[in-house]
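Student: Please show me how to read some features of a protein model. I would like the general idea and then the case at hand.

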Amino acid sequence: MTRRQLLFAAAAPNPPLGFSYTDVTGKAGLRFRHHSGAFGEKYLPETMGPGCAFLDYDQDGWPDILLLNGNDWPGHAQVGRPTMALYRNNRNGTFADVTRAAGLDFEMYALGVAVGDFDNDGYPDLYITGLGQNRLLRNNRRGGFVDVTKPSGLGNRQSFSTSALWFDYNRDGLLDLFVCNYVRWTPATDVRCSLDGKSKSYCTPEAYRGSTCWLFRNRGDGTFEDVTATSGIFDSTSKALGAAILDDDEDGWPDLLVANDTTPNRLYRNRSNGTFEEIGLRAGVAFSEDGKARAGMGVAVGAFDGSGRPGLAITNFDNEMTALYRRSAGGRYEDVAAATGVAAITRNTLGFGCEFLDADLDGRLDLLIVNGHIDDTVRNVRREASYAQPPHLLWNDGKGKFRDVAPQLGAPFYLPRVGRGLAVADFDRDGDLDLLLTTNGGVPVLLRQDLRNGHRSIRLRLQGKKSNRDGIGAVVKLLDGGETQWRMVHSGSSYLSQSELAVTFGVGRRDRVARVVIQWPSGRVDDHKNLATGRQYLCVEESAIQPDPLS
Amino acid sequence: MENPQFRSPTPGLLAGLAVALLAVVLYAAFTVQQIHRVRELQTGLVDRNRRDSLQLLRIQDNLHSLGLVIRDLLDQSEPYPLSAWEPQFARIRADLNDALRTVRKPAQAEYLERSAEQFWAAVDQTFREPDEARARRQFRDSIESRRASLASMVARLLVRNNESGQQAGTQIAAIYSRVERNVYIFLGAMLVLLLASGLWLIDANRRLFAGISHLSAQRSELARRLIGAQEDTLRHVSRELHDEFGQVLTAIGVMLQRLTRRGVTPDDGLVEAQEITQNALQSVRTLSQTLQPVLLQEQGLLPAIAWYLPTVQRQTGLTIHYEPPEPFEVDPRRAIHVFRILQEALNNVVRHAKVDEAFVRLLARTDSFMLEIEDRGRGMAVAKSPGMGLTAMRERASLIDGKIEISPGERGGTLVKLQAPR
């Protein structure tokens with residue numbers, strides 16, 4: 001913050017936000033610490049992770065937490081035996097470490113996770129990405145996971161995978177899998193880069209060759225078919241870090257947005273015949289407004305401008321600014337970061353995880369971004385840059401502007417961290433959205449939100465019948481008093497992370513809302529009318545809406 | 001004939017203005033033309049060149065991307081069939097064709113376009129090749145070298161573009177220096193023109209003023225002579241009146257008295273004749289005095305004024321407030337003009353002021369004196385149309401090296417103030 005901004009902030013006190021975040025990491029019993037394996041050689045994967053997820057692995061209605069971990073480099077073993085960690089929600093604000101019981105106490109250099117019920121058995125399964133072999137872990141419905149990588153046909157693949165997501169691209173009711181791959185890197189091909197000309201630093205991906213993303217079609221028999229090539233996804237030049245689903249052309253077929261690091265972002269439009277057409281350049285999301293391929297990291301999709309049409313956010317390197325795209329009528333995306341104030345706020349920060357969420361439940365989507373530089377020597381080169389950076393909470397004023405309310409929230413929210421992953425869920429089931437942040441080489445942060453402004457939410461958990469059971473790809477619209485709120489049940493988004501699948505609408509102080517319309521991936525449309533707010537509903541495809549029995 | 005000294009500068013000035021305007025118009029036309037040329041060069045050449053260069057860079061970038069794709073394709077590290085690479089080629093092709101469409105079309109660019117078409121035809125054919133190994137060989141042996149030659153062609157075009165950009169830059173620089181030189185020439189010419197017209201104006205003014213002062217001297221001389229002639233005439237008429245008519249009337253009077261003494265009964269007619277004669281004699285004497293006061297010649301200014309003012313009061317009914325000063329001498333040659341000024345001033349009061357009072361003050365100083373005639377009447381409209389009387393007053397004042405001021409009085413009316421050496 002410049003002195004001028006500081007003076008301005010002091011001169012014009014902002015109205016109270018009506019909510020706060022409390023760091024409950026320790027109280028909740030999260031004892032996890034990320035281990036990147038760094039031993040001074042500055043191998044690129046070290047600075048990329050980790051991701052995290054909110055998931056209800058035991059289907060008790062209380063979001064549990066998965067935290068991913070790196071590993072030691074061969075020949076550089078350090079203390080302990082780092083593994084990912086699964087924390088079961090004890091329903092009282094605390095969590096229990098169930099990693100071992102769940103069978104997740106194996107070592108791998110993990111980075112990201114996608115949570116989805118690929119076998120439609122009602123229990124979420126996991127796809128863990130990372131360096132080397134990614135893992136598909138099927139939920140055994142008894143509190144454990146079974147590694148089905150090999151039998152599913154996803155084995156025998158070495159990669160540097162980052163974000164991944166589940167979605168039903170061919171709308172056959174089965175979740176398919178999309179995986180982002182970053183660059184071709186091995187310790188053997190590591191390149192020496194230096195920010196200050198003296199010490200080695202983490203390279204930007206220009207130093208390495210790209211690597212195609214993968215698309216795996218779910219055959220429905222527990223196996224997957226690699227359709228990367230036949231679907232048109234194949235792109236040997238991409239250096240993908242973030243991915244999100246959206247329905248760009250509103251034809252009911254899910255499209256894909258892929259954020260590439262230093263290569264053009266890709267927007268894959270679903271041709272509805274099992275193939276995709278890449279239209280990133282035409283749609284205006286490939287490059288920045290000045291024609292530069294930016295360092296895309298995390299992505300988020302959300303209807304932030306009240307138009308009912310989703311826009312996009314892509315976090316980038318510092319000095320590149322987060323991109324905030326609004327979709328124009330002609331189908332082109334326009335970067336409105338500058339006009340909305342997002343550019344100025346994010347100019348000096350390096351963003352990773354990001355999500356649209358209605359932080360104050362006022363009916364407007366805000367944008368949360370976690371930041372952190374990739375290299376701890378950055379301060380030596382640029383004095384204004386720092387390794388640890390505070391997050392941004394870009395509060396939507398409803399008039400086309402965003403204001404960073406993070407400084408106003410103060411600690412523990414507004415603290416510099418080397419942020420990476422971000423996931424959102426209502427873990428304490430009080431109707432507002434709590435946050436899970438991961439830090440590179442550090443501890444995760446669980447931030448419980450407490451609302452004091454009297455605003456309410458209405459939460460929906462979807463259960464597909466003809467559609468995939470998670471309802472991923474379903475568009476949920478809340479219509480009330482002439483306004484339309486838009487959500488899409490999604491896996492992926494953010495960075496290496498996954499939020500809960502339930503959708504949360506902020507409704508202010510309203511007791512009831514007029515309509516909730518669900519467009520299922522199957523094509524089915526369910527229209528639910530006159531719903532009381534302040535509660536969570538279970539929406540089963542083709543059935544009447546009902547209060548969530550798990551809530 | 002017009003005096004060359006007083007020739008009006010207007011035609012000269014108009015001519016100068018016309019020359020200056022013409023110079024400005026010519027210069028503006030020249031500048032506009034040069035600006036047009038610069039703009040033409042910039043938009044037509046430099047900007048187009050820059051746009052072309054950007055498009056060529058875009059093509060080069062595409063060709064570079066193609067190179068990377070071909071490299072990836074050839075290293076066979078991906079488990080996918082050759083057809084997997086087609087969308088990447090298609091994507092690059094779309095962008096490359098788009099760039100080619102935008103780039104200008106000299107012969108070389110057309111050649112580039114043809115080469116690109118041939119390249120894509122070869123790529124299409126290779127992708128149709130059923131034998132994948134053979135297709136990969138074609139990529140390695142033929143497609144890659146075609147790509148490389150396209151890339152070097154683009155590089156050459158870029159260099160050429162750069163060179164023509166530099167040439168345009170040189171041309172623009174030349175135009176700028178021409179314009180700069182012409183600015184200096186124009187400024188210099190305008191400076192000379194301004195200087196010449198300034199000097200000429202100064203000279204014309206000088207001559208004008210010399211002419212005016214000459215005229216003024218002539219006019220003063222004329223006035224002096226006129227006044228002199230007038231005084232001579234008045235003196236002559238006065239003397240004639242006094243000497244001739246005075247003596248005749250005196251003789252008539254004596255004769256009429258003699259008749260009475262001889263015992264002629266003085267009847268009414270005789271008495272009336274005696275009275276008329278007496279009155280006429282009195283009038284002649286007064287008129288003679290007024291025209292050329294003998295008092296003035298014999299006793300000086302102050303007694304003449306002391307005699308004159310009651311006469312005016314009597315003749316006009318005007319009350320004149322006057323306190324005679326301590327006696328002092330005034331040069332007799334000056335005195336007559338002072339007297340005439342007094343006469344004229346009082347005449348004006350009687351004629352124009354519409355009042356029945358006037359104030360006359362006479363003050364002596366060491367070497368000079370001051371005469372003031374003031375009324376509190378309607379005030380003067382002197383400035384508007386100075387009549388002969390006022391002009392004569394000024395001339396007389398100047399004849400005696402005096403200074404006359406005619407101004408509004410402090411309490412309305414008019415104040416005539418004469419200061420002159422004694």
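Student: Does Asn530(A) count as buried, partly exposed or exposed, and why?

Tutor: Buried means under 20% relative accessible area, exposed over 50%, and partly exposed in between, with a 1.4 Å probe and protein chains only. Asn530(A) has 46% relative accessibility, so this residue counts as partly exposed. Asn530(A) is found in strand S34 (residues 525-532) of chain A. Strands (E, at least two residues) and helices (H or I, at least four) are DSSP runs, numbered from the N terminus.

Tutor: A word on the source: this is a predicted model, where local features need pLDDT of at least 70, side-chain atom pairs count only at pLDDT 80 or more, and totals for chains, interfaces and linings use all residues. Residues are numbered from 1 along each chain as its sequence is written, chains are lettered from A and ligands numbered from 1 in the order in which they are written, and side-chain values use heavy atoms, with hydrogens and water left out.

Student: What is the phi of Asn530(A)?

Tutor: Most residues other than glycine have a negative phi, and most peptide bonds are trans. Phi of Asn530(A) is near 50°, a positive value in a residue other than glycine. Arg91(A) also has a positive phi, near 65°, and lies in the loop between strand S4 (85-89) and strand S5 (95-97) of chain A.

Student: Which peptide bonds are cis?

Tutor: One of them runs from Gly49(A) to Pro50(A), with omega near 0°. Pro50(A) sits in the loop between helix H2 (25-28) and strand S2 (52-55) of chain A. Another cis bond joins Ala411(A) to Pro412(A), with omega near 5°; Pro412(A) belongs to the loop between helix H8 (406-409) and strand S26 (419-425) of chain A.

Student: How do I read a helix such as H7 of chain B?

Tutor: Begin with the span, whose expected value is 1.5 Å times one less than the number of residues. Helix H7 (residues 301-316) of chain B has 16 residues and reaches 22 Å from first C-alpha to last, close to the expected 22 Å. After H7(B) comes Gly317(B), with a positive phi near 80°.

Student: Which residues of H7(B) are buried, and what do they pack against?

Tutor: An α-helix has 3.6 residues a turn, so residues three or four places apart point the same way. The buried residues of H7(B) include Leu301(B), Ile305(B), Tyr308(B) and Val312(B). The partners of the buried residues include helix H5 (268-291), helix H8 (332-353) and strand S2 (357-364) of chain B.

Student: At what angle do helices H4 and H9 of chain B pack?

Tutor: Axes are lines fitted to C-alpha atoms, for helices over the stretch in contact, and angles run from 0 to 180 degrees between N-to-C directions. Under 35 degrees counts as roughly parallel, over 145 as roughly antiparallel, 65 to 115 as roughly perpendicular and the rest as oblique. Helix H4 (residues 132-261) and helix H9 (residues 388-399) of chain B pack at about 95°, with axes 10 Å apart. H4(B) and H9(B) are therefore roughly perpendicular to each other. Contact means heavy atoms within 4.5 Å, and the residues making this one include Ile227(B) of H4(B) and Arg396(B) and Leu399(B) of H9(B).

Student: What does His337(B) touch?

Tutor: Leaving out residues up to four places away in sequence, His337(B) touches Ile227(B), Arg396(B), Leu399(B) and Ile400(B). His337(B) lies in helix H8 of chain B and counts as buried because its relative accessibility is 11%.
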